[in-house]
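Take a walk through this model with the structure open beside the text. The tour starts at one residue and then widens to the whole chain.

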Amino acid sequence: MVLWVMYTFTSFAYSETKVINIGYQKANILALLKYRGTLEPVFKEYNVNVRWIEFPAGPQMLEGLNIGSIDLAATGDAPPIFAQAAQADFVYLGHSPSNPQSEAIVVPKNSPIQSVSDLKGKRVALNKGSDVNYLLVAALQRVGLKYNEITPVYLPPSDARVAFEQGAVDAWAIWDPFLAEVETSLPVREIVNGENLASHYTFFLASRQFAEKQPQYAEAIITQLSQQSEWANANPQETAAILSASTGLDKKIWLKALQRTNYGFIRMSDSAFLEQQNIANIFAKIRLIPVAIDVKKAQWKVEANANKA
C-alpha cells in the first residue's frame, strides 16, 4: 500500500489543477507517446500539463486509476475486470487490434510437458489479474481442465522469470516483450498462444470523472493514440529503438515482439463488450473475482450517447 500512498498527491482535481495524469508501462503504446512527446504540444493549447506515472503492470495501474492518482491507463483484457469487481469507477475509451500471438504459455525446451493437457498438477507462473490470466483459464478449459487442477504461482514477470529459469515452476504464462526476451535468451518451447483463445486487446481506460467531465481531453488523447499507432506500425525500427530505450531490452527483442504486434485504436463496440463480459463471467464462475459484474456499466456515456444519435 505504500506505493499508492506515494501517488495520491497527484489526484486530478478539475476545479483546481491543470494536469492530466497518465499511467503507463515501459512497454506499451503509451510509452511511445511519452518518449515521442506528442501529447504535450496538444495540451499546451489547453494550458494543461501532462504528467506521466510509471507502473510495473496493468493490475497496479488500475489500482492507481481506482484511487484517483491517474486519469488514463492502457492494459490487457483481464485487469479492467478485476478492477471493476473491486468497484473501480472507470470507462472504456476503446481498444487496440487483436494481438493473440503476443501472449503465450512456455515451458523449458526439454520439459516433458508437450501440450496444455500436460499442465494438470503442474505449477504455472503468471501475474495475477493480468491478461495472461485469461489465456491460462481459456487454454485449460479448451482441453477440459479446471483452474484448480493446476497450481497457479502468482509472480510479477521479473520474479517469474527467475522461478522459471531455476525450475521452481513448470510453465510460464507471459506476454511480449517478456515473451520475446525469454524466447531469445532461454531454451524454451511454446505450448499455446492466444490464437483462437484470447483476442488479447490493449484496452484504453479513463477515470469516469475525467472522461465525462473533460471529453475533449479524452478525444485529443484518442487522436494521438490513433496517429502514433499508425506511425509505430509503419516504423518498426524506430519503434523498437524507442521501446528498447524505455525498457532496457535489446532492440532485436523488440523487433521480434513487433512482428506479432499491431497497434491501433478502435472504438468500443457491442462485440468488444461481449468478449469482456464473457471473460468476466468465467472469472466469476471460478471465483477469480468475488462478484459477478456487468462490464457495460463501464461504457463511456459520451460515446454511448453519440452512438444513439
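Start at Ser130, in the loop between strand 6 (123-126) and helix 6 (131-142). Helices (H or I, at least four residues) and strands (E, at least two) are DSSP runs, numbered from the N terminus. Is Ser130 buried or exposed? Ser130 is buried, with a relative accessible area of 3%. Buried means under 20% relative accessible area, exposed over 50%, and partly exposed in between, with a 1.4 Å probe and protein chains only.

Which residues does Ser130 touch? Leaving aside residues up to four places away in sequence, they are Pro59, Ala78, Pro79 and Trp175. A contact here means heavy atoms within 4.5 Å. Trp175 sits 45 residues from Ser130 along the chain, and their C-alpha atoms are separated by 9.5 Å.

A word on the ground rules. This is a predicted model, in which local features need pLDDT of at least 70, side-chain atom pairs count only at pLDDT 80 or more, and totals for chains, interfaces and linings use all residues. Residues are numbered from 1 along each chain as its sequence is written, and side-chain values use heavy atoms, with hydrogens and water left out.

Now move to the stretch around helix 8. Strand 8 covers 171-175, and Pro177 is found in the loop between this strand and helix 8. The peptide bond joining Asp176 and Pro177 is cis, with omega at about 10 degrees. Helix 8 itself spans residues 178-185 and holds Glu181. Glu181 has a relative accessible area of 15%, so it counts as buried. Beyond four places in sequence, Glu181 touches Arg161, Leu249 and Ile253.

Asn47 has a positive phi of about 60 degrees, although it is not a glycine. Asn47 lies in the loop between helix 3 (39-44) and strand 2 (49-54). Its relative accessibility is 59%, so Asn47 counts as exposed. Asn196 also is not a glycine, and its phi is positive at about 65 degrees. The loop that holds Asn196 runs between strand 9 (188-193) and strand 10 (203-207). Asn196 counts as exposed because its relative accessibility is 71%.

Step back to the whole chain. Its secondary structure comes to 14 helices and eleven strands. The radius of gyration is 19 Å, close to the 19 Å that the globule rule gives for 309 residues, so the chain is as compact as a globular protein of that length. That radius is taken over C-alpha atoms, and the rule is 2.2 Å times the number of residues to the power 0.38. Along the principal axes, the C-alpha atoms fill a box of roughly 60 × 40 × 40 Å. Of the 309 residues, 56% count as buried. Among contacts with a separation of 6 or more, 78% join residues 24 or more positions apart.

Charge comes next. The chain has 28 positive and 29 negative side chains, and the centres of the two sets lie 3 Å apart. Lys and Arg count as positive and Asp and Glu as negative, while His and the chain ends are not counted. Each charge is placed at NZ of Lys, CZ of Arg, CG of Asp or CD of Glu.

Finally, check the confidence. pLDDT is the predictor's confidence in each residue, from 0 to 100. The chain's mean pLDDT is 91, and 92% of its residues reach 70 or more. Over residues 1-17, pLDDT stays under 50. For that segment the model has 30 contacts beyond four places in sequence.
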